[in-house]
Each structure stands twice: as structure tokens, then as C-alpha cells.
Amino acid sequence: MTDTAPHPRHRHAAGSAVAILRGGTGEHVEAVVTTLVEAGVRAVELTTNTPGWREGIARTVERHGSGVAVGVGTVMEPGQVDEAAALGATFAVSPHTDPAIGERAHALGLGWYPGAATPSEIVRAWQLGARAVKVFPAAQLGGPAFLRQVLAPLDFVDVVPTGGIGIDDVRDYLAAGAVAVGLGSPLVGDALVTGDLASLRERATRLVAEITR
């Protein structure tokens, strides 16, 4: 597609926060996902550089079903979209914009969240059919102030800023025009390594309180 008007498939409907699980040993993935979901997080992204990401997607879909949007992150080639779709994932995220990945996601019915930084990259990703554009790395690009400036002329684009966003920053990004935010280590902490679910639960509960108050 080449127009800039919102297309019916451009619709993020998984809540205002996407929890990004990256790294660890793979041992604690299921417990971390369950803790996040119990706290009220409704979208979880397991990256392809997380040990056990395939099993994590499958178990999350099996346990939580349609109540949670489950995605695959750090997608670098279309074959990873195939794998994730077969396991029940509903969206695919990349740090970059690769039309081949987008085409595969569209063909399989997955939402596509490509990474982009500049206005030109953001518009191009949207034109290629992104469900929402992952503005990355958001904090290093200038945070909510950058997002507000970019979305002044590009208010037809849905964006999910990701990268360096803390729990206390979430409301500022949403107020700047984001449809959701992606949070990795500021939310997950070391839970994937140590299995510290108590601290994770506290952070997740605080996150949900921030986006619902």
C-alpha cells in the first residue's frame, strides 16, 4: 500500500503496555509471564534471543488463550514469523523495517510492529502495513518530546515507543500520542535470570496502576 491513511488492519488492541521478555536462561519464562498476566498486563513479547522462546509462546497461548496477546520479538527473518504463528503468536516485532517480514506477517494474519526512528522511516513502515510502528530506541531519540514533535504532522500513524522507557515514563509517552509502550528490563528486571517474582509483581502492578489511573 502507498497511501498514508489508516488501514483497517492498523489497529493495536492489546492494551497500553507490551512486556518485552529478553534474555535469561529460559527456566523462568512461564512464571514471569504468569506473574505479568496476573498483575494485569495484556500483551507479552518473547524475543528470539530469549532461550526457550518457542516453548514460552506455546505455553503462554495454552495457559492464557485469547486473554493475552502473545508476540514474538527481535524477528530478523520471515521464517521466525512462520514458527511463531504455528505456535499461536498473534504479533511480530522487529528492531527494523523489513518488508519481507511484514509480508509474511500479513499473510499469516499476525500484527506487524516494525522498528523505525526517523519520520521517513516511520511513515514508510506505516505505508507497508504496520499495525503500529515501534519507535526505537525511544528514550535515546528524545523521549516523549521527540514523539510529540514527530506525531504533530504524522498524527495518522499509530506508534509504540520502545527502548529505555521506565514505568514512571509511561503516562508521558501515552500523553504524547503513543497507542502503547514497550517495556523490557525496567519492567522485567532480572526475573528471567533469578526468578524474583515478588519484585516483578510489584513493578507490574505499579505499571498497570500508572496506565489505568
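Guide: Axes here are lines fitted to C-alpha atoms, for helices over the stretch in contact, and angles run from 0 to 180 degrees between N-to-C directions. The model is predicted, with local features needing pLDDT of at least 70 and side-chain atom pairs counting only at pLDDT 80 or more, while totals for chains, interfaces and linings use all residues. Residues are numbered from 1 along each chain as its sequence is written, and side-chain values use heavy atoms, with hydrogens and water left out.

Visitor: Why are α3 and α4 called roughly parallel to each other?

Guide: Helix α3 (residues 78-87) and helix α4 (residues 99-108) pack at about 25°, their axes 8 Å apart. Angles under 35 degrees count as roughly parallel, over 145 as roughly antiparallel, 65 to 115 as roughly perpendicular and the rest as oblique. α3 and α4 are therefore roughly parallel. Their crossing is right-handed, which means that the near helix is turned clockwise from the far one by less than a right angle.

Visitor: Which residues of α3 and α4 meet?

Guide: From α3 come Pro78, Gly79, Val81, Asp82 and Ala85, and from α4 come Ala100, Ile101, Arg104, Ala105 and Leu108. By class, this contact has seven nonpolar, one polar and two charged residues. Contact means heavy atoms within 4.5 Å.

Visitor: What makes α1 oblique to α2?

Guide: Helix α1 (residues 29-39) and helix α2 (residues 53-64) pack at an angle of about 40°, with 10 Å between their axes. That angle makes α1 oblique to α2. The crossing of α1 and α2 is right-handed. On the α1 side the contact is made by Val29, Glu30, Val33, Thr34 and Val37, and on the α2 side by Gly56, Arg59, Thr60, Arg63 and His64. The classes here are three nonpolar, four polar and three charged residues.

Visitor: How do you know that Thr35 is buried?

Guide: Buried means under 20% relative accessible area, exposed over 50%, and partly exposed in between (1.4 Å probe, protein chains only). Thr35 has a relative accessible area of 3%, so Thr35 is buried. Thr35 lies in α1 and touches Leu197, Leu200 and Arg201, not counting residues up to four places away in sequence.

Visitor: Why is Leu110 called buried?

Guide: Its relative accessible area is 5%, so Leu110 counts as buried. Leu110 lies in the loop between α4 and β5. Neighbours within four places in sequence aside, Leu110 is in contact with Val81, Ala85, Ala89, Thr90, Phe91, Ala92, Ala105 and Arg131.

Visitor: What makes the pair of Phe91 and Tyr113 edge-to-face?

Guide: Rings of Phe, Tyr and Trp (its six-membered ring) pair if their centres lie within 6.5 Å; planes under 30 degrees apart count as stacked, over 60 as edge-to-face and the rest as tilted. The ring centres of Phe91 and Tyr113 are 5.5 Å apart and their planes stand at 65°, so the pair is edge-to-face. The structure holds one aromatic pair. Phe91 is in strand β4 (residues 91-93) and Tyr113 in strand β5 (residues 111-113), 22 residues apart. Phe91 and Tyr113 are buried.

Visitor: Which residues are buried in α5, and what do they pack against?

Guide: In helix α5 (residues 119-127), the buried residues are Ile122, Val123, Ala125, Trp126 and Gln127. These pack against β5, β6 (115-116), β7 (134-135) and α7 (143-151). Just after α5, Gly129 takes a positive phi of about 105°. Helices (H or I, at least four residues) and strands (E, at least two) are DSSP runs, numbered from the N terminus.

Methods: Nonpolar A, V, L, I, M, F, W, Y, C, P; charged D, E, K, R; others polar.
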